[in-house]
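User: I'd like to learn how to read pockets and salt bridges in a model. Can you walk me through it with this one on screen?

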Amino acid sequence: MHFRLDDEQRQFAAALDGMLTAAGTPAVVRAWAAGDPAPGRALWSRLAEAGVFGLAVPERHGGFGPLPAELVVAFVALGRHAVPGPLVETVAAAALLDRLGAADEHAEAPGVWLPGIASGKTAATLCRTADSPYALDADTADAVFVLDDDALHRAESAGPVQPSADPARRLARPGPGAVLAQGPAVVAAAGHAARTAALATAAQALGLGRALLEATVAHARQRTQFGVAIGSFQAVKHRLADTLVALEFAEPLLYAAALALPGDPAEAERAVAAAKVSACEAACTAARAALRIHGAVGYTEELDLSLWIRKARCLRTAWGTPADCRARVLTPAPAPSERSAAR
């Protein structure tokens, strides 16, 4: 099967890439890591105007989604430019609220929060306590949602920010809050939200890996040793080729997962897990290649490359560790009779 973007999707990707290139995201990332969210929120508004968050919000709440393939296109661009903030968590929260609204037309939370997410006025974050006690950017998010077993809470406060391998990923424990919904519908919606988050994280990782590869290839062409470019050395060529192969292998899995996401949950779970482990491992391969080929300069925080390298490690374990994802891929598919009964 071939996965090719249509003209509209390619134009969308090009428009986002041009906007983010002009935005100077390294400075935005450094400000966010230092606790100054103003440049990041300004960029957030521009992303909302471009329609990024509306991709996860249905039309009845001001969006034009859900559109998983277009969401992947957007998050590849966001990862390519290392855009900070709870981007993944916001679209995951939108997916969660959308499913809750579909299950219960009288639910209030979707109508309260989804229009703000689509317009960019609401930056949300989502914490699933079964995975981690921390929420990303809970100190700056407008809405902090917490999934605890079969209950959805909205936290009203957050604890102090904890250190992270990626300084732009500001983690904090959400405080207590009111219960918004509870029951089997929350469990089903939470599973869909987690799959959406894993898919968006994988797309970020793919974009990040491609950016690292491009920067490393450019460096290998410019840096010389013994009077020749280091890119002419076989060891360097092989490392870069291995990185390219890993990224190329991950891309079709990513779009296959996007197509599977709206369908059967068990099939979507395996497809998304395969995409995430492949894309995140490819991004880490790109980060290791970048670090080694850049040499000692690759370790310096002053080099913008470090913003991408440090993010790769965190994306690898966000919304599903490699071991978790591999276990999901290897989970046997239910028999047709079991699948029908589950529906």
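Analyst: Let's start with what lining means: a residue lines a pocket if it has an atom within 4 Å of one of the pocket's grid points. Keep in mind that this model is predicted.

User: Okay, which residues lie nearest the centre of the largest pocket?

Analyst: The general idea is that rolling a probe the size of a water molecule over the atoms shows where empty space is left. Here, the largest pocket has 28 lining residues, and D131, S132, T317, A318 and W319 are the ones nearest its centre. Its volume is about 610 Å³.

User: Which element gives the most to that lining?

Analyst: Helix 7, with 4 residues. Among the other elements that give two or more residues are strand 1 (124-128), strand 2 and helix 9 (265-294). By type, the lining of the largest pocket splits into 13 nonpolar, 6 polar and 9 charged residues.

User: And what lines the second largest pocket?

Analyst: That lining includes L5, D17, R80, R210 and Y255, around a volume of about 220 Å³. Helix 1, helix 4 and helix 8 (234-260) each give two or more residues, with helix 4 giving the most at 4. The second largest pocket has 6 nonpolar and 5 charged lining residues, and no polar ones.

User: D17 and R80 both turn up there. How far apart are N and O in their salt bridge?

Analyst: In general, side chains of opposite charge can pair when their charged atoms come close. For D17 and R80, the N to O distance is 3.7 Å.

User: What about D139 and R170: is each buried or partly exposed?

Analyst: D139 is partly exposed at 35%. R170 comes out at 14%, so it counts as buried, the cut-off being under 20%. Their closest N and O atoms are 3.1 Å apart, and the pair links two loops 31 residues apart: D139 lies between strand 2 (135-136) and strand 3 (143-148), R170 between strand 4 (151-155) and strand 5 (171-172).

Note on methods
Residues numbered from 1 in each chain as written. Predicted model: local features only at pLDDT ≥ 70, side-chain atom pairs only at ≥ 80, totals over all residues. Heavy atoms only, no water. Salt bridge = Lys/Arg side-chain N within 4 Å of Asp/Glu carboxyl O. Buried < 20%, exposed > 50% of the residue type's maximum accessible area, 1.4 Å probe, protein only. 1 Å grid on protein atoms, 1.4 Å probe; cavity = no way out; pocket = protein on both sides within 12 Å on 5 of 7 lines; lining within 4 Å. Points joined across faces, edges and corners; volume = space filled by probe spheres on them. Nonpolar A, V, L, I, M, F, W, Y, C, P; charged D, E, K, R; others polar.
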